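Here is a short report on one protein model and its ligand. Keep the structure open while you read.

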Amino acid sequence: MRELCPALATKTYFNYGGQGPLPDPSLEAMVSSWRTIQQLGPFTTEVWPFIEQETARVRQALAALCGVPSQRLALTENVSTGCVLPLWGLPWEPGDELLIGDCEHPGVVAACQELARRQGLTVAVLPVLELCCTSSQTDLPAAVLAALEQRLTPRTRLVVLSHLLWNSGAIMPIAAVAQRLRAHSRQPWLLVDAAQSMGAIPVDEAAPHVDIYAFTGHKWCCGPEGLGGVALSERLLEQAQPTLIGWRSLRHESSAASSFHRDARRFEVATSCVPLASGLATSLELLADAGSPAERLLAIGAGSRRLWQGLQSLSGARTLLREPPPAGLVSFTLHDGAGRPRRTAAVVEALGRQGIWIRRLDQPDCLRACIHITTTDAEIDRLLAALAAL
Ligand SMILES: Cc1ncc(COP(=O)(O)O)c(C=O)c1O
């Protein structure tokens, strides 16, 4: 896989959680897909079966990874639209409460806040960051469930929680949260941001139990930017109305009078870029060739353990997690001899000048390096040496 990614040839790359590299065969699949569309003729009778085939191919692959039937999988543009389109179509009542994890992405939080403002809902916060930093991996699920228990009220109507937290790198016990919500009198909806989990860890134990499980193809799946998906629950498909509507939402695309698709396609909109589907399907096949999601997580875990352990022996480095991370996100801070935190933006810049790419985050202010199956031990050691030199 590494050899296939031109982006990795000249860099020491740790920003998979921002965007994954695109393997050459995926790029070639997109070019070939575009060429086929032009050769068959865009908007001809000949081209529709090809478009149908490529769309179905990526939909089936994503649905299989999520452990849901294809009918429950809508293709989207990115994580954010996968979260927002179904969320805004749910039946809300004034006074309903949205309970949002304190590690959620600003874009998703903003969409929830605006929904609350327009519909007269309230927003409450589920604190999990502190738990990630203080609990062991074994204790974390119970600690998260206890925090949830404390924050649930009779008005709770939605819980928003990422599967793999983008800042701390901890995994949330999504299946257990879903089970707890089913026992709540109002059966709150569960929205899971899967930006960091899809392609990085097995997701089929969580996704089938969630109402909205939204992800993108351009991060850990190493697909092109502009194509993602969302796995939706049966009850959501029964109760949510489409929000952004176009011909693809319709059961009969040429008749506005026809009803919306009964399945997840009711959240698809209109014309989109079919070659992206060919590219993402190819990336998913390449990842599958490298091992099952569980096998790949073993490789990722070995790399992030190596980095986490190296950081323990680096004076001035403090990891957010007390134990080696459960997946590929390793977050940490750097401090000078007097214990003062180093400016994270300056560290990112200094490493970038050496061709080493990590990122910083705002909340908490920290540095984050991501390990994928393409990361080598030599790269990890190079990062550690550069941090030591800093
Ligand atoms: C946790 C999380 N959620 C959402 C997003 C937004 O992703 P997208 O641009 O695919 O909507 C990101 C992107 O970094 C993310 O890390």
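## Pairing in the sheet

Two strands pair if DSSP finds at least two bridges between them. S5 and S6 meet that with three bridges, in the parallel sense. Across this pair, valine 159 stands opposite leucine 190 in S6. The model is a predicted one.

S5 also pairs with strand S3 (residues 97-101), again in the parallel sense, over four bridges. There, glutamate 97 has threonine 156 of S5 as its bridge partner. Strand S6 (residues 189-193) pairs with strand S7 (residues 212-216) in the parallel sense over three bridges. Valine 192 faces tyrosine 213 in S7.

## The whole sheet

The sheet is open and has seven strands, in the order S2-S8-S7-S6-S5-S3-S4. Its pairing is mixed. Strand S2 (73-76) and strand S4 (122-126) are the edges, and each pairs on one side only. Neighbouring strands are turned by 20° against each other on average, direction ignored.

Strand S5 (residues 156-160) is mostly covered, with five of its five residues buried.

## Helices and the sheet

S5, helix H8 (residues 174-182) and S6 form a right-handed β-α-β unit. Helix H3 (residues 47-66) lies across S2, S7 and strand S8 (228-232). H3 runs at about 120° to S2.

## Around the ligand

The ligand is surrounded by 14 residues. The closest are Asn78, Val79, Ser80, His105 and Ala195. Helix H4 (79-88) and helix H5 (106-119) are the elements that give two or more residues to this shell.

By class, the shell has nine polar, four nonpolar and one charged residues.

How values were computed:
Residues numbered from 1 in each chain as written. Predicted model: local features only at pLDDT ≥ 70, side-chain atom pairs only at ≥ 80, totals over all residues. Axes fitted to C-alpha atoms, helices over the stretch in contact; angles between N-to-C directions. Contact = placed C-beta atoms within 7 Å. Near = placed C-beta within 6 Å. Nonpolar A, V, L, I, M, F, W, Y, C, P; charged D, E, K, R; others polar. Buried ≥ 20, exposed ≤ 12 C-beta atoms within 10 Å, placed from the backbone. Right-handed = clockwise from strand over helix to strand, strands pointing away.
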